[in-house]
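Subject: Structure handover

Hello,

Here is the structure for your files. Please look through it before reading the notes below it.

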Amino acid sequence: MPPKFKRHLNDDDVTGSVKSERRNLLEDDSDEEEDFFLRGPSGPRFGPRNDKIKHVQNQVDEVIDVMQENITKVIERGERLDELQDKSESLSDNATAFSNRSKQLRRQMWWRGCKVKAIMALVAVILLLVIISMAACIS
């Protein structure tokens with residue numbers, strides 16, 4: 001005797017609800033005594049009520065599917081927001097490092113400019129002393 005509960009996955013129904021799949025598998029069983037307990041009485045006086053219940057259950061299954069999709073989308077959105085936050089923090093850190101490095105480089109360039117000016121002033125003073133000393137030696 002094959003197992004009563006098989007799991008059938010169709011390519012179209014992979015995202016379907018688990019409850020709907022279980023109910024369909026249980027309804028496929030052909031034993032009338034078990035059918036009574038699984039589906040309830042199915043006599044002529046219970047037919048329209050049973051159809052209404054099935055209709056409502058199908059609507060509930062659709063709502064469950066939509067909610068599962070919404071939850072998945074919210075989770076994906078949260079992951080994307082986390083990635084965006086990490087990237088923005090990285091950019092902020094890089095901007096701070098760039099600012100600090102540019103200030104340091106500006107100071108270095110200022111000191112180099114001061115050194116060049118000091119050397120030029122020293123050379124000018126030495127030239128003036130040489131010219132003055134030559135003029136003093138000649139006279």
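The notes below cover the overall fold, the annotated segment, the cysteines and the aromatic rings.

This is a predicted model, in which local features need pLDDT of at least 70 and side-chain atom pairs count only at pLDDT 80 or more, while totals for chains, interfaces and linings use all residues. Residues are numbered from 1 along each chain as its sequence is written, and side-chain values use heavy atoms, with hydrogens and water left out.

Overall fold. The protein has three helices and zero strands, where helices (H or I, at least four residues) and strands (E, at least two) are DSSP runs numbered from the N terminus. The order from the N terminus is α-α-α. Of the 139 residues, 6% are buried; buried means under 20% relative accessible area, exposed over 50%, and partly exposed in between (1.4 Å probe, protein chains only). The protein exposes about 12,700 Å², with 61% of it from carbon and sulfur atoms (Shrake-Rupley method, 1.4 Å probe; for residues, only the protein chains shown count as cover).

Annotated segment. An unreviewed UniProt entry places a "transmembrane region" at residues 116-136; such annotations may be inferred rather than shown by experiment. In the model, residues 116-136 are 100% helix and 0% strand, with the end C-alpha atoms 30 Å apart. Leu-122, Ile-126, Val-130 and Met-134 form a nonpolar surface patch with about 380 Å² of accessible area together. Patch residues have over 30% relative accessible area and no salt bridge, and nonpolar side chains (Val, Leu, Ile, Met, Phe, Trp, Tyr) are joined within 5 Å; a salt bridge is a side-chain nitrogen of Lys or Arg within 4 Å of a carboxyl oxygen of Asp or Glu. Val-130 lies in helix H3 (residues 47-138) and is partly exposed, at 38% relative accessible area.

Cysteines. There are zero disulfides (cysteine sulfur atoms within 2.5 Å). Cys-114 is partly exposed at 28%, and Cys-137 is exposed at 69%.

Aromatic rings. The count is one aromatic pair. Trp-110 and Trp-111 form this pair edge-to-face, 4.9 Å centre to centre with 75° between the planes. Rings of Phe, Tyr and Trp (its six-membered ring) pair if their centres lie within 6.5 Å, and planes under 30 degrees apart count as stacked, over 60 as edge-to-face and the rest as tilted. Both Trp-110 and Trp-111 are exposed.

Regards

Key:
Patch = residues over 30% accessible without salt bridge, like charges linked within 9 Å, V, L, I, M, F, W, Y side chains within 5 Å.
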